[in-house]
Amino acid sequence: MNSFIELSNVKKSYGQFNALKDVSLTLNQGSHYVIQGASGSGKSTLLYLIGGLDSPSSGQIYFNGEDLSSFGDEKLASYRNTSVGLVFQFHFLLPSMNCLDNILLPSRIGGLRVGKVKKEVLSIAENLGVTHCLKKFPYELSGGEQQRVNIIRALSLKPKLLLCDEPTGNLDSSNSNKVISLIKELAETYGSTLVVVTHDDGVAHQFPQKFFLKDGVLDD
Ligand code: ADP
Ligand code: MG
């Protein structure tokens, strides 16, 4: 079988410290997963590796059967920019641009037809209740609003693989449920494989396919 993403005996060490210990994991195309673990269990490290932002100390990560470590710079950059959408805990919105321009930046870089993307963006923004934020600069927004803008940016490219690191970290429980429902709905619409990592039981409950990470060891 050709799995979409496969991790085979992945280890990640920082000096003497083993942040991930022998993690093996298969993700199927279009499926939704949650990986739950306490702070420090290795969740962000795992997402960075899957997203091609860092490489394992040993073991392999396959995307459509191809080992990420065999990718040259250009292919890896294209994997990161076009196949993977990232929603990270610490936002990477550019301070000098308004939120709409921040959201449209990846599409502009990727040479997409921005008019079409913009229509979609406006509709997602309305759903998430942040239409009023689009013309504002990131510093004018609350943490929760920034997080939702970040989500829209990640989704605007319809990534095949959507990786979300504590996507509800700055939200109250009502907004948190809304955001998870919307992420799942959009992933479904776009056929994206979705991986959410969280420490939060309430978030984890919304996913049928669950993994647990404890001290760098993955369990199902
Ligand atoms: P989580 O996202 O689950 O909170 P992380 O993946 O961020 O966990 O971190 C896992 C462990 O690895 C933690 O103990 C953290 O301190 C350590 N760690 C993460 N990144 C680094 C780094 N760049 N250098 C050294 N230690 C790190
Ligand atoms: Mg983390």
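Helices α5 and α6 are roughly parallel to each other, a label for angles under 35 degrees. This model is predicted: local features need pLDDT of at least 70, side-chain atom pairs count only at pLDDT 80 or more, and totals for chains, interfaces and linings use all residues. Residues are numbered from 1 along each chain as its sequence is written, chains are lettered from A and ligands numbered from 1 in the order in which they are written, and side-chain values use heavy atoms, without hydrogens and water.

Q: At what angle do α5 and α6 pack?
A: Take α5 as residues 143-155 and α6 as residues 173-190 (helices are DSSP runs of H or I, at least four residues). Their axes, lines fitted to C-alpha atoms over the stretch in contact, sit 12 Å apart. Between N-to-C directions, on a scale from 0 to 180 degrees, the angle is about 5 degrees.

Q: Which α5 residues meet α6?
A: Contact means heavy atoms within 4.5 Å. On the α6 side, look for N175, V179, I183, L186 and Y190. Their partners in α5 are R148, I151 and L155.

Q: Which element supplies the largest share of the shell around ligand 1?
A: Shell residues have a heavy atom within 4 Å of the ligand, and they include Y14, F17, G40 and K43. The largest share, 3 residues, comes from α1.

Q: How far is an oxygen atom of ligand 1 from the T45 side chain?
A: Polar contacts here pair N or O atoms within 3.5 Å. One ligand oxygen lies 2.7 Å from a polar backbone atom of G40. For an N or O atom in the T45 side chain, the distance is 2.6 Å.

Technical notes: Helix = DSSP H or I, 4+ residues; strand = E, 2+ residues; numbered from the N terminus. Parallel < 35°, antiparallel > 145°, perpendicular 65-115°, else oblique. Polar contact = N/O pair within 3.5 Å; in protein donor to acceptor, adjacent residues only side chain to side chain.
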